[in-house]
Amino acid sequence: FTSTREMSPKLRFAVVCSSNMNRSMEGHSFLSKKGYDIESYGTGSMIKIPGESERKPNTYPFGTTYDSIYADLKGKDETLYTKNGMLHIMERNRRIKSGPERFQECDRQFEIILTVEEKVYDQVLECFAAREADSETPVHVINMNVVDNPEDATIGAFLLCELAQHLTNSDDLDNDIDDIIQDFEAKCEREVLHTVLFY
């Protein structure tokens with residue numbers, strides 16, 4: 001049995017945080033398990049993850065693999081990085097893709113870009129402003145702040161998935177999206193930013 005109604009083409013999603021480690025990867029993992037076409041990225045200049053103190057984060061250049069970060073953390077202090085969850089996060093991440101990717105270097109196009117922090121949202125907007133739009137292909141950039149820790153990343157991924165479901169269910173996204181976001185904001189009691197850009 002197939003519906004006579006045309007299925008809307010599958011929306012392509014990107015979820016973006018600063019280092020493509022925790023919040024965006026939790027979203028990537030959760031949404032891909034639900035069948036969404038999803039990629040994830042970071043907008044930072046370096047990959048930054050917690051270190052032995054707040055003043056001493058571990059930093060790596062984009063292009064470093066999750067495997068090599070895992071090995072580095074394990075070699076530095078296996079007990080600490082097991083306890084703070086970073087080794088678990090690396091294990092999860094390397095099952096999804098080989099390493100963090102920087103949004104500014106991505107040449108894929110998406111219908112929806114989900115960001116998890118206002119600074120990241122601004123960096124995505126700056127990235128589009130820096131390159132000439134060469135088509136009329138719209139992309140919706142949507143921000144919902146998610147605190148950068150494993151527990152909040154899990155809640156954030158659940159909420160982003162709920163938003164993705166509403167967006168996917170729309171027959172006319174460009175007209176419906178403002179109402180969808182308003183309803184979502186009211187239900188989740190979180191401020192959501194939204195803008196339309198063009199590729």
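This is a predicted model: local features need pLDDT of at least 70, side-chain atom pairs count only at pLDDT 80 or more; totals for chains, interfaces and linings use all residues.
Two packed helices are described by the angle between their axes and the distance between the axes. Helix α2, residues 66–83, packs against helix α3, residues 86–96, at an angle of about 155°, and their axes are 8 Å apart. Because angles over 145 degrees count as roughly antiparallel, α2 is described as roughly antiparallel to α3. The crossing of α2 past α3 is left-handed. On the α2 side, the contact involves Tyr66, Asp67, Ile69, Tyr70, Leu73, Lys74, Glu78, Tyr81 and Thr82; these residues meet Met86, Leu87, Met90, Glu91, Asn93 and Arg94 of α3. Sorted by class, this contact holds eight nonpolar, two polar and five charged residues.

Helix α3 also packs with helix α1, which spans residues 23–33; the axes of α1 and α3 come within 10 Å and cross at roughly 55°. This angle makes α1 oblique to α3. The crossing of α1 and α3 is left-handed. From α1, the residues Met25, Glu26, His28 and Ser29 take part, and they meet Arg92, Asn93 and Ile96 of α3. Two nonpolar, three polar and two charged residues make up the contact of α1 with α3.

The largest nonpolar core contains 26 residues, of which Phe13, Ile112, Leu114, Ile142 and Leu167 touch the most other members. Strands β1 (12–17), β5 (112–115) and β6 (138–144), together with helices α5 (150–169) and α6 (173–188), each supply at least two residues of this core. The surroundings of Ile142 may be given in detail. With neighbours within four places in sequence left aside, Ile142 is in contact with Ile112, Ile113, Leu114, Thr115, Tyr121, Leu163, Leu167, Ile177, Ile181, Val192, Leu193 and His194. Another core, of 16 residues, lies apart from the largest one, and its members include Val16, Phe103, Phe110 and Val124.

Two residues other than glycine have a positive phi value. Asn20, in the loop between β1 and α1, has phi near 55°. Because its relative accessibility is 0%, Asn20 counts as buried. Glu189 lies in the loop between α6 and β7 (192–198), and its phi is likewise near 55°. In contrast to the buried Asn20, Glu189 counts as exposed, because its relative accessibility is 72%.

Notes:
Residues are numbered from 1 along each chain as its sequence is written. Side-chain values use heavy atoms; hydrogens and water are left out. Axes are lines fitted to C-alpha atoms, for helices over the stretch in contact, and angles run from 0 to 180 degrees between N-to-C directions. Helices (H or I, at least four residues) and strands (E, at least two) are DSSP runs, numbered from the N terminus. Angles under 35 degrees count as roughly parallel, over 145 as roughly antiparallel, 65 to 115 as roughly perpendicular and the rest as oblique. A crossing is left-handed if the near helix is turned anticlockwise from the far one by less than a right angle, and right-handed if clockwise. Contact means heavy atoms within 4.5 Å. Ala, Val, Leu, Ile, Met, Phe, Trp, Tyr, Cys and Pro count as nonpolar, Asp, Glu, Lys and Arg as charged, and the others, Gly among them, as polar. A nonpolar core is a set of buried Ala, Val, Leu, Ile, Met, Phe, Trp, Tyr and Cys residues joined through side-chain atoms within 4.5 Å. Buried means under 20% relative accessible area, exposed over 50%, partly exposed in between (1.4 Å probe, protein chains only).
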